[in-house]
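Have the structure open beside you, try each task, and then read on.

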Amino acid sequence: MSIEKVKNYFKKYDMENRIIELEESSATVREAADAIGCMEGEIAKTLSFQLSDRVILIVLAGDVKLDNHKYKEVFHEKSKMLEASLVEEKIGHQVGGVCPFGIKENVDVYLDVSLKKYKTVYPACGNSHSAIPLSIEEIEKYSNYQEWIDVSKPIEENSILC
């Protein structure tokens, strides 16, 4: 099970006990914020993308969405989300629980600047009923990120948060 991989990952940092296991679903930003009792922006959503030569993860604040123009400027390719049926195979976690911890080798992680608005963020922990509270410094340390990027834009009113 994916959450066990994440627990084992955090065990080496003596942080596995900080993982919150929820009775309610945390598969969407809104569900996670409601279950945890935080603002939607504090949910650190992790999106999976297929580049021509590799798979990457981008962690964004829950109150923004991907800006395709900015993405293309950074990666020099049009954004292509990884097909849902391939996420667990390529990343190591199921849809709804994708996070940058305990992932497969050769998956690069990028952090979006939208996260920096918050003191604490809550990424998932491998399944759709989990999260862990992390400071920005902690998400930098434990995600093994490549770099900070700016590929987000605000979500307009009446948009769906994913």
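Which residues in helix 1 (residues 2-11) are buried? Before you start, note that this is a predicted model, in which local features need pLDDT of at least 70 and side-chain atom pairs count only at pLDDT 80 or more, while totals for chains, interfaces and linings use all residues. Residues are numbered from 1 along each chain as its sequence is written, and side-chain values use heavy atoms, with hydrogens and water left out.

**Exercise 1: Helix 1**

Task: find the buried residues of helix 1 and say what they pack against.

Solution. 
- Step 1. Helices (H or I, at least four residues) and strands (E, at least two) are DSSP runs, numbered from the N terminus. Buried means under 20% relative accessible area, exposed over 50%, and partly exposed in between (1.4 Å probe, protein chains only).
- Step 2. The buried residues of helix 1 are Ser-2, Ile-3, Val-6, Lys-7, Tyr-9 and Phe-10.
- Step 3. Looking down the axis of helix 1, you find its buried residues within an arc of 160°, so they line one face of the helix. The arc is that of the directions from the helix axis to the C-beta atoms.
- Step 4. An α-helix has 3.6 residues a turn, so residues three or four places apart point the same way.
- Step 5. The packing partners of these buried residues are strand 1 (20-21), strand 7 (130-131) and helix 5 (136-143). Contact means heavy atoms within 4.5 Å.

**Exercise 2: Strand 5**

Task: explain why strand 5 (residues 108-112) is described as largely enclosed.

Solution. 
- Step 1. Five of the five residues of strand 5 are buried, so the rest of the structure largely encloses this strand.
- Step 2. In a regular strand the side chains alternate between the two faces of the sheet.
- Step 3. On one side of strand 5 the buried residues are Asp-108, Tyr-110 and Asp-112, and on the other they are Val-109 and Leu-111. Both faces are therefore covered.

**Exercise 3: Asp-63**

Task: describe where Asp-63 lies and what it touches.

Solution. 
- Step 1. Asp-63 is in the loop between strand 3 and strand 4 (64-66).
- Step 2. Its relative accessibility is 26%, so Asp-63 counts as partly exposed.
- Step 3. Leaving aside residues up to four places away in sequence, Asp-63 touches Glu-40, Gly-41, Lys-117, Tyr-118, Pro-154 and Ile-155.

**Exercise 4: Charged side chains**

Task: say how many salt bridges the whole structure has, and look at two of them.

Solution. 
- Step 1. A salt bridge is a side-chain nitrogen of Lys or Arg within 4 Å of a carboxyl oxygen of Asp or Glu. A search of the whole structure finds eight.
- Step 2. Glu-4 forms one with Lys-7, with the closest N and O atoms 4.0 Å apart. The two are three residues apart in helix 1, so about one helical turn separates them.
- Step 3. Glu-138 and Arg-18 form another, at 2.8 Å from N to O. This pair links distant parts of the chain, 120 residues apart: Glu-138 is in helix 5, and Arg-18 is in the loop between helix 1 and strand 1.
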